[in-house]
Amino acid sequence: PQKLRRLLEHLRGESRTAIGYAATNLLHLLLACATEKSTEESSAVAGADFSGLPVRHAWLRNENLPDVNFQDADLTGSIFTECLTGVRDVAVDPKGDLVAAGCEDGKIWLWQRKTQALHWMIETNAGAAWSIDFSPDGRLLACATTSGTVQLWDVAGGWLAKTLSQTGEAAWAVAFTPDGRSVVSSRGNAIEFWETATGRQTRALTGRGDALHRLALSPDGRWLAASDDAQMVYLWEQQSGRLVRRWFAENGVLQYLTFSPDSSLLVAAIGHGLVHGWSVEEGATVLEYRTGGGPITDLAFSPDGQTLAGSDIDKLIHLWDVATGRQQLLQGHTYIVWCLAFSPDGSQLISGGADQLVCLWDVKHARILHALHSHRRTVSRMAVSRDGKLLVTVSDDLMVRLWDTTNWRIVRQ
């Protein structure tokens with residue numbers, strides 16, 4: 001590495017034409033000298049000075065460049081890791097081939113899983129891209145924005161296929177129905193249904209007048225649930241739009257709403273550590289768990305519906321046996337746990353938190369398998385591909401990382 005740095009200094013006496021790609025080649029060689037055991041401070045490239053030099057067509061994606069000086073360098077054609085602005089939502093397409101991220105600056109990024117290449121980046125020009133969802137066939141990407149616009153984007157070409165709503169209150173959530181024929185969005189105090197093929201609004205459902213922020217579609221497509229700021233939970237029949245029942249969450253503000261995999265239960269996280277579940281068909285309370293601590297930050301059902309996981313602000317993950325109510329605790333995070341996801345076979349649980357860790361847990365034995373420390377700030381969101389081989393994590397460090405779950409290595413960031 002020292003010899004390479006001396007060559008780098010020697011280039012400063014040459015013209016840019018004479019240098020050609022020499023600076024780029026030296027940069028790649030310095031990066032090749034770095035080993036997995038290198039720290040940022042001891043890395044061969046740390047602190048290297050490329051200021052004023054032509055560093056053209058350098059491939060720097062996924063590379064760590066601590067304190068490298070590129071001031072006034074010619075970086076024409078060089079590829080760096082994209083730095084995103086406030087990722088609000090992330091989604092994996094049904095085939096697991098593409099990963100999408102919606103950002104606060106209104107941009108949507110789409111990457112190819114196999115090559116890790118950027119497929120496209122588009123600007124919604126409609127405020128923050130707050131919620132995104134792939135259609136069941138993977139051909140369209142829906143986006144809800146804070147300006148009230150709901151858009152459908154063609155995944156293959158990256159062009160705007162339809163604008164479903166253009167003005168009004170902020171749209172906080174969007175989702176395709178399981179059959180893909182309709183798009184459902186939450187905007188203001190209304191849940192709106194749109195026909196995917198034509199973009200025509202077919203129905204608008206309202207509660208008592210308060211804003212509806214949380215939205216959940218049952219996996220079988222029969223039910224739609226939403227909650228409002230007045231602590232009301234509503235359940236509609238999706239096909240007819242009929243309000244089936246509503247509940248009042250008397251124990252506090254609703255933080256999360258989800259259906260069980262078989263669509264028989266609607267579960268809500270309420271107030272300080274309460275998990276409440278209702279039978280969809282009968283409306284009766286069928287489960288009630290308490291964490292004994294602070295508010296719950298996320299809920300996730302195992303694919304077979306037998307286990308419910310909940311994370312909280314007290315650094316804990318709770319595992320409940322849905323049939324018996326028996327609780328197990330997972331301890332390993334050192335700060336707030338923000339997000340959860342089960343592996344497709346339900347044997348493992350993945351968590352992310354404010355301690356910057358991504359943790360992998362053995363559900364059966366309630367023990368930690370891996371603690372991955374790659375993000376530099378809070379891990380706030382995650383998604384798992386249907387085949388379970390890809391994990392996507394989002395952090396407040398403005399990075400989206402793609403993990404190969406067969407070896408737990410980062411394949412892209």
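The crossing of helices α1 and α3 is left-handed, and this briefing begins with that pair in what is a predicted model. Helix α1, residues 2-10, packs against α3 at an angle of about 165°, with the two axes 10 Å apart. Because an angle over 145 degrees counts as roughly antiparallel, α1 is described as roughly antiparallel to α3.

- On the α1 side the contact is made by Leu4, Arg5, Leu7 and Leu8, while on the α3 side it is made by Leu26, Leu29, Leu30 and Cys33.
- Cys33, one of the α3 residues in this contact, is partly exposed, with a relative accessible area of 35%.

**The sheet from β15 to β18**

- Four strands form an open sheet in the order β15-β16-β17-β18, and their pairing is antiparallel.
- The edges are taken by β15 (212-217) and β18 (243-248), and each has a single partner strand, so one side of each is left without a neighbour in the sheet.
- From one strand to the next, the twist of this sheet averages 20°.
- Strand β15 pairs with β16 (residues 223-228) in the antiparallel sense, and five bridges join the two.
- Within this pairing, alanine 216 has alanine 225 of β16 as its bridge partner.

- Another open sheet of four strands has the order β23-β24-β25-β26, with antiparallel pairing.
- Its edge strands are β23 (296-301) and β26 (327-331), each of which pairs on one side only.
- The twist in this sheet averages 20° from one strand to the next.
- Strands β24 and β25 run antiparallel and are joined by five bridges, and leucine 308 stands opposite tryptophan 320 in β25.

- Strand β11, residues 171-176, is mostly covered, since five of its six residues are buried.
- Its pairing with strand β12 (residues 182-187) is antiparallel and runs over five bridges.
- Phenylalanine 176 has valine 183 in β12 as its bridge partner.
- Five residues lie between the two strands of this hairpin, and there glycine 180 takes a positive phi near 75°.

- Histidine 57 has a phi near 55°, a positive value in a residue that is not glycine, and its place is in the loop between α3 (22-33) and β1 (59-60).
- With a relative accessible area of 49%, histidine 57 is partly exposed, because a residue has to be over 50% to count as exposed.
- Lysine 315 has a phi near 75°, again a positive value in a residue other than glycine, and at 38% relative accessibility this lysine counts as partly exposed.

**Cysteines and disulfides**

- A disulfide is, in general, a covalent bond between the sulfur atoms of two cysteines.
- The structure holds zero disulfides.
- Cysteine 359 is in no disulfide, and the nearest cysteine sulfur, which belongs to cysteine 339, is 10 Å away; a disulfide would require the two sulfur atoms to be within 2.5 Å.
- Cysteine 359 counts as buried, at 1% relative accessibility, whereas cysteine 33 is partly exposed.

- Serine 343 lies in the loop between β27 (337-342) and β28 (348-353).
- Although placed in a loop, serine 343 counts as buried at 10% relative accessibility, because the cut-off for buried is under 20%.
- Leaving aside residues up to four places away in sequence, serine 343 touches Pro303 and Gln348.
- Between serine 343 and leucine 308 there are 13 Å in space, C-alpha to C-alpha, and the two are 35 residues apart in sequence.

How values were computed. Residues are numbered from 1 along each chain as its sequence is written. This is a predicted model: local features need pLDDT of at least 70, side-chain atom pairs count only at pLDDT 80 or more; totals for chains, interfaces and linings use all residues. Side-chain values use heavy atoms; hydrogens and water are left out. Buried means under 20% relative accessible area, exposed over 50%, partly exposed in between (1.4 Å probe, protein chains only). Two strands pair if DSSP finds at least two bridges between them. Axes are lines fitted to C-alpha atoms, for helices over the stretch in contact, and angles run from 0 to 180 degrees between N-to-C directions. Angles under 35 degrees count as roughly parallel, over 145 as roughly antiparallel, 65 to 115 as roughly perpendicular and the rest as oblique. A crossing is left-handed if the near helix is turned anticlockwise from the far one by less than a right angle, and right-handed if clockwise. Contact means heavy atoms within 4.5 Å.
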